[in-house]
Amino acid sequence: MAITLKSLRDQVIVVTGATSGNGLATVEDAVRRGAAVVATARNEAALEALRDRLSADGGRIAISVADVSDMAAVERVAGVAIEAFGGFDSWVNNAGTGTYGTLEQVPIADHRRVFDVNYFGVLHGSLVAAHHLRGRGGAIVNVGSILSDRAIVQQGPYCATKHAVQALTDTLRMELEKEGAGISVTLIKPGAIDTPFPEHARNFMDQPPRLPPPLYAPSVVADAVLFACETPRRTLYAGGGGLLSALLSNAAPRLSDKIMELVGTVAQQKPEDPGNPTRRDNLYEPRVDALRGSQDVHARASSTVLQVQKLHPGFLLLGIVSAGIAVAVSRKKRDRV
């Protein structure tokens, strides 16, 4: 079965982690662009407020309270989508959590909890989505991280889960493609995004955590996610800063390690600016959610790297060939002179 994806205005999209950061931006943008959305998260009050706000403006939205680490709860999300809209066309696995601290500082139970949410939550969502979309077609969009490519100090468990999510996504894509299921599978790799993540993460460092610059607005990730709901892509990088760090890591891994060892911890600390205390530590229980972080940071509103990736592969190839021809012609002119 060939992969054919609907336009957003004709889609029903399930979004996990829908009340904060990238998930919230995705829900708001999807509804604004005419899609129906099933928003799911642990924070019931935030979900109800989101539904009331968007539906008051004519948006089509249903909600489902769920912890994605619970397979039965994720299956109920699919049931809500079927009851409210007759099914769904895209499933976005976005929910995530994290810790700051060394591997030894983070208790084993917390390591497991990060995996339960970040890896098993994506697995649960992917399996449920594949079951419902198989033979009908649609998209599964997994939100990984630039840390799927490059590990960073002080976030070992999170990095490990994002490496695992990349392997899971690649395996799922191959299996569905082999059987001709007609399902597009995309991995989104955001760089540092201005979300409440540093405030939500459990912190074992002696200073308040932050994300290392450059930062991007959550709308950049939402743009990538919704593009993948309409357009089959293997991978999309959301933010050029993250892509550069991945390229450096591949080209010079030992140099990247040394840079990380020297500045990685300092770049992830923000003394005197801990952020909103009501958001602190949502590892096991939801806390106050928001679109953006409350720390004083600068975030870029767009990503040129993402926009280039959205071009048709044929245009990219044409651009590369044209650039090569231009360079060759320029060299010949210099040689004649």
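Buried here means under 20% relative accessible area, exposed means over 50%, and partly exposed lies in between, with a 1.4 Å probe and protein chains only. With a relative accessible area of 13%, N22 is therefore buried.

This is a predicted model, in which local features need pLDDT of at least 70 and side-chain atom pairs count only at pLDDT 80 or more, while totals for chains, interfaces and linings use all residues. Residues are numbered from 1 along each chain as its sequence is written, and side-chain values use heavy atoms, with hydrogens and water left out.

**Confidence**

A word on pLDDT, the predictor's confidence in each residue, from 0 to 100. The protein chain averages 94, and 93% of the residues score at least 70. Please take care with residues 317-323, where pLDDT stays under 50 and the model has zero contacts beyond four places in sequence; contact means heavy atoms within 4.5 Å. Where pLDDT is low, the predicted coordinates should not be read in detail.

Helices (H or I, at least four residues) and strands (E, at least two) are DSSP runs, numbered from the N terminus. Leaving aside residues up to four places away in sequence, N22 touches N94, I193, T195, P218 and V221.

Q268 belongs to the loop between helix 10 (253-263) and strand 12. Its relative accessible area is 0%, so Q268 is buried. P209 is 59 residues away from Q268 in sequence, yet their C-alpha atoms are 5.6 Å apart. Apart from residues up to four places away in sequence, the contacts of Q268 include Y100, I152, M205, P209 and R210.

Helix 6 (residues 156-178) has 23 residues and should span 33 Å at 1.5 Å a residue, which agrees with the 33 Å between its end C-alpha atoms. The expected span is 1.5 Å times one less than the number of residues. Among the buried residues of helix 6 are Y158, K162, L168, R173 and L176. The elements that its buried residues pack against include helix 4 (108-118), helix 5 (120-133), strand 6 (138-143) and strand 7 (183-190). Just after helix 6, G180 takes a positive phi of about 65°.

Two strands pair if DSSP finds at least two bridges between them. Strand 8 and strand 10 (residues 215-216) run parallel and are joined by two bridges; A192 has L215 in strand 10 as its bridge partner.

**Aromatic rings**

Rings of Phe, Tyr and Trp (its six-membered ring) pair if their centres lie within 6.5 Å; planes under 30 degrees apart count as stacked, over 60 as edge-to-face and the rest as tilted. The count by this rule is four aromatic pairs. Two of the pairs are set out here.

| Pair | Centre to centre | Angle between planes | Type |
|---|---|---|---|
| F88 and W91 | 5.3 Å | 65° | edge-to-face |
| Y119 and F120 | 5.0 Å | 80° | edge-to-face |

F88 is buried at 1% relative accessibility, and W91 is buried at 0%. F120, at 34%, counts as partly exposed. Y100, Y158 and F197 form one aromatic cluster.

**Annotated domain**

An unreviewed UniProt entry places the feature "domain: Ketoreductase" at residues 11-191. UniProt positions follow the numbering used here, feature names are shortened, and annotations may be inferred rather than shown by experiment. In the model, residues 11-191 are 49% helix and 20% strand, with end C-alpha atoms 27 Å apart.
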